[in-house]
Every structure is written in structure tokens, then in C-alpha cells.
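Dear colleague,

I am passing on the structure we spoke about, placed just below, followed by my notes on what was found in it. Please read the notes with the model open beside you.

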Amino acid sequence: MGVTCVSQMPVAEGKNVQQTVELLTRKLEMLGAEKQGTFCVDCETYHTAASTLGSQGQAGKLMYVMHNSEYPLSCFALFENGPCLVADTNFDVLMVKLKGFFQSAKASKIETRGTRYQYCDFLVKVGTVTMGPSARGISVEVEYGPCVVASDCWSLLLEFLQSFLGSHTPGAPTVFGNRHDAVYSPADTMVQYMELFNKIRKQQQVIEKRKPNQ
Amino acid sequence: MMPGTVFRSVLDHSLESLIHRLRGLCDNMEPETFLDHEMVFLLKGQQASPFVLRARRSMDRAGAPWHLRYLGQPEMGDKNRHALVRNCVDIATSENLTDFLMEMGFRMDHEFVARGHLFRKGIMKIVVYKIFRILTPGNTDNTEALSLSYLVELSVVAPAGQDVVSDDMRNFAEQLKPLVHLEKIDPKRLM
């Protein structure tokens, strides 16, 4: 996979999530991008069961198990600021066996689904992020296929992002970090999605707290 | 998936005869040798028995994925069944597997190096290998053989409920006598 940037697109003033997605996809089509099917990235959160905590004497950790339709035979498991394991889909079966030690956090499943667009060497995916039945935000993923080293193509990616995201263009993803010459991998994309999903979850928690008591 | 397994061992000096016979009985393929490093990890909870996972990597095939295996408790079903049957889950993973398992809370219990030969007959896998103890943890260059024998393992991974497989294994095992007598292991004897 080429170097990829995943970011959140804020909902346009006076519009809802679906309308903002439509605005964005229309801009891409006007640029000349071609629709090429759909995509989905999902994330399930697990926490260490209380029964394991006592014996290990450590604070419970959150583990994320993710899937990406771009890699249908793979499963990605990661910890925040920790390693990202790439495994085959039997890892999901193992999580069922581990249910005494790792429990799925309530209502934790979050996913993004949408359309893929190909524009020359760029692959753009605009997705609606949902938790349960509700749309909670918009994800934008842009991949520059020919290059696998972030520092070699970030300026080009940025220029392309600006052409359709305008002022909502993100900064360089934190996964690029200090590893300027490291080869980019799909695990880096999954880390970016995990960060995006966590950001949207926190935004949702703030909104819930602000709701007046009925 | 449920593997059926039978085990036995042969002394070093009988190895060549056994390999020769296996070449004749098994599928026609290039002789395959392997050198693997296996680490066994445990996750302790308040349950009575810890959760065991086996992480295996190839030491002689660069770029091969790591292999993670979960083996369930042996099924205590039909005593007439000729092979040990257990639930199993096999997962291919990236090479940061051990770091990830430690992050999950697993701790390494023991490790060893296995070197040997691999044969196939249909869906049956026959492995003849020697186990080496690792003298300095993490240093796979410094090992010593655990015994003067090679372990012989005949196994099949099949969907649950296929007992016909066990009969095929017994028939194959018959053909290896008297070089080696493959038998079902009584798991209680190993405790």
C-alpha cells in the first residue's frame, strides 16, 4: 500500500453528515475522480477482564481489533501507543476463546463505510463513521499508490488534499513521526483509523455530557 | 478445526530407515526439512488453568509469517478413537507477535528449537523432529538436544466431527510398524 493519510472532515455548517459527504463526493467527481466500489473499516474494543487484572497487578488496557475491506483476509489487533499485530481472520476465532480474559466493551463497535474513488495515482475513500445506527462523523482516507516512504511524497499528498478539502486539510499524521525513511505499511493506516475513531468517540462523549437533563 | 494426533519416538540410529519408509509411503514431494523456534506463552487469570498459546517462527525461511496456535483440552470422547483429538485455532501473524502477546499480558513459559523432516499423505501430516533445549534464553544458537531420539508425530487437521480421519491415521500407523509404534497419548499420564 502507498503512503496514506486518514483524517476527519467536520460536518458543514447547517448541514448533516450525509449532506456533507455528498458535497465532498461531488467535489471529487468534478475533479475527475472515478467511483470504484465501496469500502469498510471497523473496530471492536476489548478490555482486560477483571479476573485477569488482579493477578497481573496492572491497569486494564484497551485492545482494538480492526478489519479493513481492502485486506479481506486480514485482521489487525492493536494497543494505543503499542504494537499493531497483523494476522489472518482466525484471530477473531481466538478472541472468542479468550472471552474469559478479554471482554468486548459495551456498544463499542465503530465503523466507517463509503465509496472509493480513483483519481490518477490517488485512491480516495470518503466514509460515514457510525456507532450503532447513528452517524457520528466523516472519515477521509487518501492513498498515494506509487510511493511507500512518507517523507518522499507528503508535500504532494498535502497539495492534493488541499485541492478538495480546502481549509479542512489535516497536518502530517503522527504515524509518520520520526520514521522519515521507514516503509509505510497497512498497519500504519489502521493506527490512523484507531486514532480517528477514538477522537470521534471522545467528541460523542462530550456531546452526551452537554445534553441538558430531561 | 480439530487435529487428531498420535505420537511416538525413534532413536537416532533408526532415523534413516524411518525416513526411507516414509518417503515410500507418503506423497511424492521434495524432502522438506525445517528448523523452527517455538515459544509457549501463558496468560494467568483467576481461572484454575492458564490460557496457553504457542508462537512459532521459522529459523531457516526468511520472510515466512509467524505462526500462532491455540490447542484446546483433549476431547475425552470415544475411548476407541485411535488419536488424541483437540480443538485448534491456527493463525498466521506478523513478526511482532511476541511483543504483542506480552502487551496482552502473556508471559513466556518455555521455549525450544525443533529440527526435522516433514512429510504429507493427503491431509495427514507426518513430522519427525528432534527437540533442542535453549541454554541461554533468547539465544537460539546455543542449544543442546533434549534426548537421543526423534519425535514422530502424525496429525490431521479436520472439521469437527470427522471420526473417519482417525481410522485413516490408524491404517497409516500400521504401515510404520515395527520401526515405530504410533499410539494415542493418554493426556492424564502427561500431567
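**Salt bridges and overall build**

Arg69(B), with a relative accessibility of 22%, counts as partly exposed, where buried means under 20% relative accessible area, exposed over 50% and partly exposed in between, using a 1.4 Å probe and the protein chains only. Please keep in mind that this is a predicted model, in which local features need pLDDT of at least 70, side-chain atom pairs count only at pLDDT 80 or more, and totals for chains, interfaces and linings use all residues. Residues are numbered from 1 along each chain as its sequence is written, chains are lettered from A and ligands numbered from 1 in the order in which they are written, and side-chain values use heavy atoms, with hydrogens and water left out.

The partner of Arg69(B) is Asp90(B), and the closest N and O atoms of this salt bridge are 2.6 Å apart; the term stands for a side-chain nitrogen of Lys or Arg within 4 Å of a carboxyl oxygen of Asp or Glu. The two residues are 21 apart in chain B, with Asp90(B) in strand 5 (residues 84-93) and Arg69(B) in strand 4 (residues 66-74), strands being DSSP runs of E of at least two residues and helices runs of H or I of at least four, numbered from the N terminus. Asp90(B) is partly exposed as well, at 23% relative accessibility.

In chain A, Lys125(A) and Glu141(A) form a salt bridge with 3.3 Å between the closest N and O atoms. Because Lys125(A) lies in strand 8 (residues 122-131) and Glu141(A) in strand 9 (residues 134-144), this pair ties together parts that are 16 residues apart in sequence. Lys125(A) is buried at 0% relative accessibility, and Glu141(A) is buried at 1%. Both belong to a network of salt bridges that also links Glu70(A) and Arg116(A).

Another pair in chain A joins Arg113(A) to Glu111(A), at 2.8 Å from N to O; here Arg113(A) is partly exposed at 48%, whereas Glu111(A) is buried at 17%. Over all chains, the structure holds 13 salt bridges.

As for the chain as a whole, chain A has five helices and nine strands, and buried residues make up 48% of its 214 residues. Its C-alpha trace spans about 55 × 50 × 30 Å along the principal axes.

With kind regards
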